[in-house]
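Have the sequence and the 3D view open as you read.

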Amino acid sequence: MDTKPGNNFLHTVIADDLAAGRVQTVVTRFPPEPNGYLHVGHAKSICLNFGLAERFGGHCHLRFDDTNPEKESQEFIDAIQEDVRWLGYQWAGDVRFASAYFEQFFDWALHLVRNGDAYVCDLNAEQAREYRGTLTEPGRNSPFRSRSVEENLDLLQRMRAGEFEEGSRVLRARIDMASPNMNMRDPILYRIRKVPHHQTGDAWVIYPTYDFAHGQEDAIEGVTHSICTLEFEDHRPLYDWLIEHLPVPTRPRQYEFGRLNLNYTVTSKRKLKALVDEGIVSGWDDPRMPTIAGMRRRGFTPASIRTFCDMIGVTRSDGVVDVAMLEHAIRDDLNTNAPRGMCVLNPLKVILTDLPETHREVLTAALHPSREDLGSREVPFTRELYIDADDFREEANKKYKRLVLGKRVRLRNAYVIEATEVVRDEAGEIIAVHARTIPGTLGNDPADGVKPKGVIQWVSASEGRRATVRLYDRLFTHEAPDRGDNAYLEWLNPASLRVVEGAWIEPALAAARPEQGFQFEREGYFVADRYDHTAENPVFNRTIGLRDTWAAAGEDA
């Protein structure tokens, strides 16, 4: 346990609380609503809450704030648990649910009514908005605010019994309709919702609001530091008011930090759901989505996401983080850890005419240029090969460092070859290149002193494997696609996905495990698809390119 102040204000707060004896054991929580898939912003919150508990030898709870059953489902509950585990964290004890405390919440609602701190209000939604006032004008007391304790208790019990229709009555806290903080103007504590709940079935027809449940859940669970994003700062006075007016077993404190906003990214659940529902992406785990499930399928590693969250830090102000920082984190991780392999995306056949048709030898290549611990792989070398069509020209200037007719190039981990002629089809298109190997060049420069101009990747035409390669890129072309309501749809990147059905990979890559990542030499970083990849039908997704092409494009603009 490290109790010293750290590199953000929350480390300092917790270290001070421990040193002063205000807290004996640190307890944090990650409290998602089970109404969608988690995204990269949630990843920051997960890393923060679980990371603080780890640093200070405490516990972090996973608690579902399931107070709105209309939008919640078991699918999201399962996905969220898997995301947290995949990121490398384990919550303390069992998974917790706000719904497990519904009976206690209701008892505390009765407590507020008995003490004159809550009342049943019959204003409809439109009337309630009128009475609430504005940011510059105070609200007005509801005409139902003066109901007696006895009448309020009776009405609340009848609300629970299901006697009233949805929208006809709510339970409100009696605080201050003139408060400059809109959240303190007699906020709603309970609504009538006659819908079944995924955990409690038909047991309830009234449900607590998030504001009512939040602090009381923390108190029941003994949470010491309730950490929220900045949009909840204005809700903290209500959080504290409820804690003070209820006989809760502990007194948690709420703290706020700046949420993660990434450029070129949309994280609104409503907008992400629209992308899924309208078929713009294939699902919540489409590799272009900023969801944790999507990033995982794209080939991001848990370590890279945690590193990114460390890089951006924790502050008390909102800001926009360059998505290039996230891309740098995964590029750096994979550069260090991903084994290498060769893939040809745009195949052009090369026939080595100096070799017999039956020629076959097995070459050995390192899996990583600087990681001997990763070992090596065997690569079959045959008379006919595939290279990328972009790696050959009949004529080229001196800047072109690939294969040119009459010139030499080295095949990665193999021989130097020299192109001698081209083969064309009836339309005049080049369909093959004839070449010869330069003797003695396996691991050596040519004896005649004529060195090759560059190095290119290749795959055996007879022993390589066909593969589907999905070339993913950023989903949006504008750095701020989330401005405005539907403007984000105008900035969709038409090149965010290109599928190459006829790629060729070296045979060992077909045996990759789903979710195993590689560097395809000279092409980028790729991962075997989590669901679709098999040895018989290999499918790889591009995680990220070798270089930041977006930054280069911006410099050229």
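## How α1 and α2 cross

The crossing of α1 and α2 is right-handed, meaning that the near helix is turned clockwise from the far one by less than a right angle. Helix α1 covers residues 9-20 and helix α2 covers residues 40-55, and their axes come within 11 Å and cross at roughly 40°. That makes α1 oblique to α2. Angles under 35 degrees count as roughly parallel, over 145 as roughly antiparallel, 65 to 115 as roughly perpendicular, and the rest as oblique. The axes here are lines fitted to C-alpha atoms over the stretch in contact, with angles running from 0 to 180 degrees between N-to-C directions.

Which residues make the contact? From α1 come Leu10, His11 and Ile14, and from α2 come Leu48, Leu52 and Arg55; contact means heavy atoms within 4.5 Å. Sorted by class, that gives four nonpolar, one polar and one charged residues. Ala, Val, Leu, Ile, Met, Phe, Trp, Tyr, Cys and Pro count as nonpolar, Asp, Glu, Lys and Arg as charged, and the others, Gly among them, as polar.

## Where the model comes from

This is a predicted model, where local features need pLDDT of at least 70 and side-chain atom pairs count only at pLDDT 80 or more, while totals for chains, interfaces and linings use all residues. Residues are numbered from 1 along each chain as its sequence is written, and side-chain values use heavy atoms, leaving out hydrogens and water.

Helices (H or I, at least four residues) and strands (E, at least two) are DSSP runs, numbered from the N terminus.

## More on α1

With 12 residues, α1 reaches 16 Å from its first C-alpha to its last, close to the 16 Å expected at 1.5 Å a residue. That expected span is 1.5 Å times one less than the number of residues. Leu10, His11, Val13, Ile14, Ala15, Asp17 and Leu18 of α1 are buried (under 20% relative accessible area; exposed is over 50%, partly exposed in between, with a 1.4 Å probe and protein chains only). These buried residues pack against α2, β8 (225-229) and β9 (253-257).

## α4 and its partner α6

Now for another pair. The axes of α4 and helix α6 (residues 149-161) come within 9 Å and cross at roughly 160°, which makes α4 roughly antiparallel to α6. Their crossing is right-handed. Glu103, Phe106, Ala109, Leu110, Val113 and Arg114 in α4 meet Val149, Asn152, Leu153, Leu156, Gln157 and Arg160 in α6. By class, this contact has seven nonpolar, two polar and three charged residues.

Several residues of α4 are buried, among them Phe102, Phe105 and Trp108. After α4 comes Gly116, whose phi is positive, near 75°.

Most residues other than glycine have a negative phi. Asp186 isn't a glycine, yet its phi is positive, about 50°. You'll find Asp186 in the loop between β5 (170-173) and β6 (188-192). Is Asp186 buried or exposed? Asp186 is buried, with a relative accessible area of 1%.

Arg522 isn't a glycine either, and its phi is positive at about 70°. Arg522 sits in the loop between β27 (517-520) and β28 (524-528), and is partly exposed, with a relative accessible area of 30%.

## A buried alanine

Ala503 lies in strand β26 (residues 497-505) and is buried, with a relative accessible area of 0%. Leaving aside residues up to four places away in sequence, Ala503 touches Cys343, Val344, Leu345, Arg465, Arg466, Ala467 and Val469.
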